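These are my notebook entries on a protein model that I went through on screen, written down in the order in which I looked things up.

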Amino acid sequence: MVYMGSKAKIADYIVPVIQSHIVVSGSRTYIEPFCGGCNVIDKVKAVNRIAADKNEYLIALFKHLQSGGKLPDEISKEEYEKVRENKESFPEWYVGAVGFLASYNGRFFDGGYAGIGYERGRKRDYFREKRNNILNQIRRGGIAGIDFMAKDYREFRPKGCVVYCDPPYDETKEYGIAKTFDRIEFWQIMRDWSRDNTVLISEQKAPEDFMAVWEKEIDRTLQAKEHFRATEKLFVWGNSGKFV
Ligand SMILES: C[S@@+](CC[C@H](N)C(=O)[O-])C[C@H]1O[C@@H](n2cnc3c(N)ncnc32)[C@H](O)[C@@H]1O
């Protein structure tokens, strides 16, 4: 799914790392507490897969598609504004479809309505592109069997699992939920979970007691015409004893 902060571009690199930890640890359960567009978990194989996110509309959208639900063919600007202003009057999955698929860059009702546009002289139907993208993701089958949950990552108490965390970015353009994300608390929870689980974290930097097990410089897009280079890394807690 086209998503703000999507890991689609690096999934080919990080999925094998995650997969090897599932094999080595013998864990039956894989958890993604910040699943976003599910661009990583849809390629991971595990006996049980749990995808969670704080955004309940996102989770409702995936559940809807997982159970064979359809998507609207188009969303007008008027409909977009109506749904944005009256979320409670619409089914949650529909608010998710409108908010994620009809907004620029998959930013939930952020960045504004993206209907038909022109980029370098080429006509683009942004809604249709995002709609096709998520429908293809469903068709490829990687979403089948995932257990979806709308919850805050702090509610998890994992044990014996492989956990991959892709929290909202630090020090990049602030967006939605990221404004209130407490990073000190986040890293402490990562330490706690690492005692009983294999925990892999996508970030650009981490406290000193974490170490990078993979890194790569990558093109990152924040807005349609705004690209910059960033180093993507995968961290584990250095004191967990599993990786030294
Ligand atoms: C960088 S995105 C994940 C992108 C995903 N890996 C992908 O490839 O599409 C971060 C996600 O964390 C979610 N999030 C932010 N704060 C959260 C919290 N406290 N608990 C759970 N999810 C949260 C956001 O809604 C967002 O979907």
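Entry 1, the whole chain. I began with burial, and I noted that 38% of the 244 residues of the protein count as buried. I kept in mind throughout that this is a predicted model. For the secondary structure I wrote down 6 helices and 9 strands. I then turned to contacts between residues with a separation of 6 or more, and found that 69% of them in the protein are accounted for by residues 24 or more positions apart.

Entry 2, helix α2. Which residues of α2 are buried? In this helix, which covers residues 56-66, I listed Tyr57, Leu58, Ile59, Ala60, Leu61, Phe62 and Leu65 as buried. I next looked for what covers these buried residues of α2, and my list includes β2, α4, α5 (126-140) and β5 (147-150). After α2 comes Gly68, and its phi is positive, near 90 degrees.

Leu65 counts as buried because 20 other C-beta atoms lie within 10 Å, and 20 or more is what the cut-off asks for. Leaving aside residues up to four places away in sequence, I found that Leu65 touches Ile134 and Ile138. I also looked up Trp93, which is 28 residues apart from Leu65 along the chain, and the C-alpha atoms of the two are separated by 8.9 Å.

Where does Cys38 lie? I placed Cys38 in the loop between β1 (29-32) and β2 (48-53), and its phi is positive, near 55 degrees, although the residue is not a glycine. Cys38 is also buried, since 27 other C-beta atoms lie within 10 Å. My other note concerns Asn105, in the loop between α4 (92-101) and β3 (116-119). The phi of Asn105 is positive as well, near 55 degrees, again in a residue other than glycine. Asn105 counts as buried because it has 21 C-beta neighbours inside 10 Å.

Entry 5, the ligand. Which residues come nearest to the ligand? Of the 20 residues around the ligand, I noted Gly5, Lys7, Gly36, Gly37 and Asn39 as the nearest. I sorted the residues of this shell by type, and they divide into 9 nonpolar, 6 polar and 5 charged.

Technical notes:
Residues numbered from 1 in each chain as written. Predicted model: local features only at pLDDT ≥ 70, side-chain atom pairs only at ≥ 80, totals over all residues. Near = placed C-beta within 6 Å. Nonpolar A, V, L, I, M, F, W, Y, C, P; charged D, E, K, R; others polar. Helix = DSSP H or I, 4+ residues; strand = E, 2+ residues; numbered from the N terminus. Buried ≥ 20, exposed ≤ 12 C-beta atoms within 10 Å, placed from the backbone. Contact = placed C-beta atoms within 7 Å.
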